[in-house]
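Here is a short report on one protein chain. Please look over the sequence and the 3D structure before reading on.

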Amino acid sequence: MIINPLRDAQAEPHAAVCPRCGGEVYSGETMFLWESEWVCIDCFKAGVASLLNTNPEQIALEMSLGTKEV
């Protein structure tokens, strides 16, 4: 399948709507399963950033990284 390099995805109807921000998600864009909801990349990034600031140990656990108290 050949995709037109001048194709404007936003000229096409959106494929989904993010339940957190209400933003439109277009065909070919990635959504992420976050707390039982499929969210857009912007909401996913915001969620990860918030979790990293409030609970970095959880991020390490999710990434299968070790932690230790000293």
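The report below covers the fold, the surface, the cysteines and one proline.

## Model and fold

This is a predicted model. The protein chain contains 4 strands and 2 helices. Along the sequence, the order is β-β-β-β-α-α. The chain is more spread out than a compact globule, because its radius of gyration is 17 Å, well over the 11 Å that the globule rule gives for 70 residues.

Taken along the principal axes, the C-alpha atoms fill a box of roughly 55 × 25 × 20 Å.

## Contacts and burial

How much of the protein chain counts as buried? The figure is 14% of the 70 residues. Buried here means under 20% relative accessible area.

Take the contacts between residues at least 6 apart in sequence: 2% of them join residues at least 24 apart.

## Surface and charge

The accessible surface of the protein chain is about 5800 Å². Carbon and sulfur atoms account for 55% of that area.

The side chains include 10 negative and 4 positive ones. The centres of these two sets are 6 Å apart.

## Cysteines

How many disulfides does the model contain? The count is 0. A disulfide would need a pair of cysteine sulfur atoms within 2.5 Å.

Two cysteines show how the cut-off applies. For C18, the closest cysteine sulfur is in C43, at 3.6 Å, so the pair is too far apart for a bond. For C21, the closest cysteine sulfur is also in C43, here at 3.7 Å, again too far for a bond.

C21 is partly exposed, with a relative accessible area of 46%.

Where does P5 lie? P5 sits in the segment before strand 1, which spans 16-17. P5 is exposed: its relative accessible area is 76%, and the cut-off for exposed is over 50%.

P5 can also be placed relative to Y26. The two residues are 21 apart in sequence. In space, P5 and Y26 are 16 Å apart, C-alpha to C-alpha.

Methods. Residues are numbered from 1 along each chain as its sequence is written. This is a predicted model: local features need pLDDT of at least 70, side-chain atom pairs count only at pLDDT 80 or more; totals for chains, interfaces and linings use all residues. Side-chain values use heavy atoms; hydrogens and water are left out. The radius of gyration is taken over C-alpha atoms; the globule rule is 2.2 Å times the number of residues to the power 0.38. Buried means under 20% relative accessible area, exposed over 50%, partly exposed in between (1.4 Å probe, protein chains only). Contact means heavy atoms within 4.5 Å. Accessible areas come from the Shrake-Rupley method with a 1.4 Å probe; for residues, only the protein chains shown count as cover. Lys and Arg count as positive and Asp and Glu as negative; His and the chain ends are not counted. The place of a charge is taken as NZ of Lys, CZ of Arg, CG of Asp or CD of Glu.
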